[in-house]
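These are my notebook entries on one structure. I set down what I looked up, entry by entry.

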Amino acid sequence: MKSLFIVGNWKSNKGIAEAHDWLRQFNAKCQMPNAKWKDLAIVLCVPYTLLNFLHDQIKQLNLPIVLGAQDVSPFGDGAYTGAVSARQVKEFADWVIIGHSERRKYFGETDEVLAQKVAQAKTAGLNIIYCVSDENTVIPDGVDAVAYEPVWAIGTGKAETPEHANAVIAGVKAKTQIRSVIYGGSVTPDNVASFLAQPAIDGVLPGGASLDAGIFAALILASQGQALQTL
Ligand code: PGA
């Protein structure tokens, strides 16, 4: 059985009170006797403003979640107003998403800037999930995992077909040394199993479906072939 990787991406959503509510609900799901979280790495990528709070709460509640950021500065510490350095992120998180298509689209991030971000994250000891929109996207050295996310499938409710996602992901693996490649784009509790049943797909990156703790927990259970109605 392959070990699965589930990466929630909250994007620019939630303040402390909402994060607190989410944790309370997710914790309740974790206590349910049928909730088996084995062979699974759950990473939750949240806004910088929530990292400190979630870091403490996850520890306190002993939740099976590892924290990630959604971006990082291409520079180190220093006079870079508004930027958050990889070393600052690493105080709270073990993972970072770099190169999400929303960063490319809305913030004009180029391959060159993204390579700088990867280098900074690597130096700070962060694990990197690098997003690609197809098998031709340039992937910098030092990346730990890749997320294949076709732009048209993100936030649209129109997921890629599992077969085609598998073909692209197999293509990425054939071209690189990266062994962990996941799919993102309208992943839900209903379709997650169909992606994970594909031989090359090692996990999923749900955005919208990570915002509600019940839906996220249902997605995790469904990824392991467990019934939704038992939640
Ligand atoms: P979505 O987002 O699951 O809401 O489509 C995925 C992503 O952008 O990473």
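**Entry 1: Ser186.** In which loop is the place of Ser186? I found Ser186 in the loop between β7 (180–183) and α7 (192–196); helices (H or I, at least four residues) and strands (E, at least two) are DSSP runs, numbered from the N terminus. The model is a predicted one, in which local features need pLDDT of at least 70, side-chain atom pairs count only at pLDDT 80 or more, and totals for chains, interfaces and linings use all residues. Residues are numbered from 1 along each chain as its sequence is written, and side-chain values use heavy atoms, with hydrogens and water left out.

**Entry 2: Asn62.** I looked up a further positive phi, about 55°, at Asn62, which is not a glycine. Most residues other than glycine have a negative phi. Asn62 is placed in the loop between α2 (48–61) and β3. With 67% relative accessibility, Asn62 counts as exposed.

**Entry 3: the ligand.** I found 13 residues around the ligand, with Lys11, His100, Gly155, Ser186 and Gly207 the closest; a residue is near a molecule if one of its heavy atoms lies within 4 Å of it. This shell divides into 4 nonpolar, 7 polar and 2 charged residues. Here Ala, Val, Leu, Ile, Met, Phe, Trp, Tyr, Cys and Pro count as nonpolar, Asp, Glu, Lys and Arg as charged, and the others, Gly among them, as polar. An N or O atom in the side chain of Lys11 is 2.7 Å from an oxygen atom of the ligand. For the side chain of His100, I read 2.7 Å from an N or O atom to a ligand oxygen. Gly155 places a backbone N or O atom 2.6 Å from an oxygen atom of the ligand. The protein covers 94% of the 280 Å² of accessible area that the ligand has on its own (Shrake-Rupley method, 1.4 Å probe).

**Entry 4: Asp71.** I located Asp71 in the loop between β3 (66–69) and α3 (86–90). Its relative accessibility is 10%, so Asp71 counts as buried. The side chains of Asp71 and Arg103 are joined by a polar contact of 3.2 Å, that is, a pair of N or O atoms within 3.5 Å, where within protein one must be able to donate a hydrogen and the other to accept it, and residues adjacent in sequence count only if both atoms are side-chain atoms.

Terms used: Buried means under 20% relative accessible area, exposed over 50%, partly exposed in between (1.4 Å probe, protein chains only).
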